[in-house]
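Notebook open, structure loaded. I'm jotting down what I looked up, in the order I got to it.

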Amino acid sequence: MQNSEPSHSPYTLIIADIHLQPEDNHPINQAFYAFLEEQAPKAEALYILGDLFEMWVGDDIGLEQYAKFIHKFKSLTQNGLPIFLQYGNRDFLMKHAFSEATGINILDDIEVITLYNEPYLLLHGDNLCTDDIGYQRMRKLFRNQLIQWIFLHLCRKRRLFIGHKMRTNSKQHSKQKDLQIMDVNQNSLCELFKQHPEVSHMIHGHTHRPNHHIIEAEHKTLHRWVLGDWRPQAKIIKVDSNGPQLIDYSISDERLPY
């Protein structure tokens with residue numbers, strides 16, 4: 001890690017939007033494996049707020065495609081590291097077989113946790129991007145349990161074809177959309193804070209716009225922490241008794257594990 005002071009006090013790491021690629025030698029995959037080797041075991045817990053994988057079209061395929069990471073996750077959890085995960089917009093089809101194979105605990109889409117006596121509101125963040133009406137319609141459709149059941153019962157070849165096509169279309173559509181439409185809607189943001197009055201800190205990913213936003217509310221100061229994606233360098237969050245800190249994570253070529 002860079003741009004952060006060494007810390008000997010207990011801390012928790014929070015990350016999002018890794019987008020692990022089906023191609024095993026991709027730089028993102030290499031950097032993230034190094035992170036799991038070197039940094040994750042030092043934390044008290046690891047939270048992954050969505051889009052761990054670029055594409056997940058069923059546990060039967062995903063457990064094979066990402067076998068190296070599945071094995072590494074299982075090793076970490078068996079050695080006492082609690083890992084928690086929220087679904088993103090690309091990997092929400094992870095089911096029981098994934099949890100069994102990795103030991104990872106699946107969280108609700110919106111989850112309040114307590115770290116070092118402070119409550120934190122965790123979410124992937126795509127449900128706050130309500131200005132993107134087309135995306136929200138698609139999200140509602142894909143999260144329908146019947147639609148998921150039908151898709152997961154398609155043959156492997158068909159699921160892979162659809163997954164790759166959606167992956168390509170998503171990149172094209174993102175280039176064509178206004179950047180503001182794909183960002184968080186302020187009304188949706190404030191409404192979610194109102195639903196959780198005990199919380200002063202919200203942490204999410206999805207937008208790939210890492211930042212610490214301070215919101216002066218009527219009775220208290222609110223904080224919105226936005227995680228970065230992995231390029232393969234990343235912006236991640238370390239939380240300890242002093243609160244959250246948005247820090248850089250990068251890895252040099254000589255430290256790559258492959």
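Started with Cys190: with 35% relative accessibility, Cys190 counts as partly exposed. My cut-offs are buried under 20% relative accessible area, exposed over 50%, and partly exposed in between (1.4 Å probe, protein chains only).

A note on the source: this is a predicted model, where local features need pLDDT of at least 70 and side-chain atom pairs count only at pLDDT 80 or more, while totals for chains, interfaces and linings use all residues. Residues are numbered from 1 along each chain as its sequence is written, and side-chain values use heavy atoms, with hydrogens and water left out.

Next I checked Cys190 for a partner. Its sulfur is 14 Å from the closest cysteine sulfur, in Cys129, which is too far for a bond. I then searched the whole structure for disulfides (pairs of cysteine sulfur atoms within 2.5 Å) and found zero.

Thr207 sits in the loop between strand S7 (201-204) and strand S8 (211-216). I take helices (H or I, at least four residues) and strands (E, at least two) as DSSP runs, numbered from the N terminus. Thr207 counts as buried, at 12% relative accessibility. Leaving aside neighbours within four places in sequence, Thr207 is in contact (heavy atoms within 4.5 Å) with Cys129, Met182, Asp183, Val184 and Val226.

On to the sheet. Six strands make an open sheet with mixed pairing, in the order S4-S3-S2-S1-S10-S11. Its edge strands are S4 (105-106) and S11, each pairing on one side only. I call two strands paired if DSSP finds at least two bridges between them. S1 (residues 12-15) and S2 (residues 46-49) run parallel, joined by three bridges, and Ile14 has Tyr47 as its bridge partner in S2. S10 (residues 234-240) and S11 run antiparallel with seven bridges, and a hairpin of two residues connects them. Ile237 stands opposite Leu246 in S11.

Is S11 enclosed, or left open? Five of the seven residues of S11 (residues 243-249) are buried, so the strand is largely enclosed by the rest of the structure.

Last entry, helix H1 (residues 27-38). H1 is mostly covered, with nine of its twelve residues buried; among them are Phe32, Tyr33 and Phe35. The cover over the buried residues of H1 includes S1, S2, helix H3 (67-78), S10 and S11.
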